[in-house]
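This briefing covers pockets and a sheet in one protein model. Please look over the structure before reading the points below.

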Amino acid sequence: MSHLSTDSHSYFCPCPRGLEAALAEELNEIAQFSAPAVTLKVHNQVPGGVHCSGLLSDAWRINLHSRIASRVLLRLTHGAYKNENDIYDMTLEQEWESWFPVSHTIRVDVTAVKSPLRSLQFTTLKIKDGICDRFRDLCNERPSVDTGTPDMRIVGFLDAHNFTLYLDTSGEALFKRGWRAETGDAPLRENLAAGLLRTSGWKPGTVLFDPMCGSGTILVEAAQILAGIPAGARRHFAFEKFNDFESAKWLAIKGSFKPNPLPTTPTIFGSDISGDMVQIAANNLRNAGILFEVPVKQIEAQEVKPPADAEHGIMLTNPPYGERIGVRGDSTLSSDDLLTAFFSAFGTTLKQRFAGWSIFLFSADLGLPKLLRLKEARKTPFFNGALECRLFRFDMVAGFNRREAAKPKAE
């Protein structure tokens with residue numbers, strides 16, 4: 001057995017901005033999967049991710065089970081630098097040959113915050129040179145670069161004074177679960193959808209409804225959680241190409257999860273104005289291994305009703321905005337007028353039909369409550385890539401909105 005698998009390593013798990021606390025909570029849950037001896041330790045949250053440490057097998061577990069992390073990066077070295085030559089020297093010192101063979105292709109990515117170095121491209125080149133020169137010194141060969149589908153991804157991070165070098169254990173970003181066949185326009189990333197589900201407080205057994213489900217990302221994430229299917233059950237990871245990879249141990253970890261009993265009555269529901277989207281959502285649910293009924297109907301959002309017998313539940317949706325609203329109404333109206341008319345009608349539907357429900361709308365439009373003519377109970381900031389968004393919560397209480405509207409506003 002390689003010392004690499006018995007050593008403890010430091011990891012950094014990046015995630016969408018705003019989901020750091022949700023990821024830390026999830027990592028603590030994943031740590032319990034290695035009980036009785038819990039080897040995964042969760043450390044500090046920083047903007048954009050969470051630091052943790054553990055065995056190599058803990059990184060496997062995070063890759064398999066985390067629905068919120070974007071990647072699992074294994075830290076190789078961390079230290080002060082003054083210039084690019086320091087970065088080259090630190091890279092050259094690493095025992096790359098103990099991690100992967102020279103025949104593997106590589107890709108190097110660098111991110112920086114307040115770094116004094118002038119060119120990240122030059123820094124990237126220096127890291128690549130450090131890795132290639134190490135192999136050349138040892139075996140007169142150098143690994144090839146493949147920016148598209150590399151075997152190994154190496155990530156450098158620079159702040160004003162320190163350089164950290166990581167080896168990516170994930171490969172493709174973790175939000176690529178391996179089930180998505182078609183996406184439609186502007187799909188929500190899977191790990192963001194999973195983070196929104198956690199932030200909303202949704203738990204299996206609670207009725208969930210997405211009335212603008214698009215390609216079904218929120219529905220699939222919820223249905224996999226309900227079924228007990230790990231996020232990474234249908235894909236491969238970079239760590240499977242590491243030297244001395246213990247495939248029997250990995251198969252045991254992969255096979256150790258217990259699927260939940262299949263529900264007999266539906267609790268997860270979706271709808272969308274587009275028949276094509278309804279079909280895509282159904283296909284994605286099937287590709288994701290969902291063997292129970294998740295009803296998805298074609299209906300306009302402003303016409304929806306709660307599922308039968310659901311006196312309360314959670315509505316979680318990512319409403320269309322900008323270009324996407326254009327497919328949803330009268331082509332003679334401008335998109336601004338369409339937007340106003342659509343959300344006005346949708347707000348009325350929520351007030352009249354969804355008393356007792358918690359409504360969560362995820363949007364980049366910070367004026368959404370005004371368009372709906374509703375006062376939010378809470379708004380949580382998130383980033384969808386570089387786009388600043390909010391998860392708005394509205395608590396629909398019978399008669400509450402009419403009473404609230406009559407009161408003077410207290411800020």
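The second largest pocket of this predicted model has a volume of about 570 Å³. Its lining is made up of 22 residues, and H2 gives the largest share of them, 4 residues.

**Second largest pocket**
- Glu 26, Glu 29, Arg 67, Arg 198 and Ile 225 are the lining residues nearest the centre of the second largest pocket.
- Two or more lining residues come from each of helix H2 (20-31), H7 and helix H8 (217-227).
- By class, the lining of the second largest pocket holds 11 nonpolar, 5 polar and 6 charged residues.

**Largest pocket**
- The volume of the largest pocket is about 900 Å³.
- Its lining has 32 residues, with Phe 12, Pro 14, Gly 48, Thr 111 and Phe 157 nearest the centre.
- Elements that each supply at least two residues of this lining include strand S1 (9-14), strand S4 (73-80), helix H7 (190-200) and strand S13 (378-384).
- The lining of the largest pocket consists of 15 nonpolar, 9 polar and 8 charged residues.

**Sheet**
- Seven strands form an open sheet in the order S2-S3-S1-S4-S7-S6-S5, and the pairing is mixed.
- Strand S2 (41-46) and S5 are the edge strands, each pairing on one side only.
- From one strand to the next, the twist averages 30 degrees.
- S4 and S7 are antiparallel, pairing over 7 bridges.
- Arg 75 is placed opposite Tyr 166 in S7.
- Helix H6 (residues 120-139) lies across S5, S6 and S7 and runs at about 140 degrees to S5.

Definitions and conventions:
Residues numbered from 1 in each chain as written. Predicted model: local features only at pLDDT ≥ 70, side-chain atom pairs only at ≥ 80, totals over all residues. Heavy atoms only, no water. 1 Å grid on protein atoms, 1.4 Å probe; cavity = no way out; pocket = protein on both sides within 12 Å on 5 of 7 lines; lining within 4 Å. Points joined across faces, edges and corners; volume = space filled by probe spheres on them. Nonpolar A, V, L, I, M, F, W, Y, C, P; charged D, E, K, R; others polar. Pairing = 2+ DSSP bridges. Axes fitted to C-alpha atoms, helices over the stretch in contact; angles between N-to-C directions. Contact = heavy atoms within 4.5 Å.
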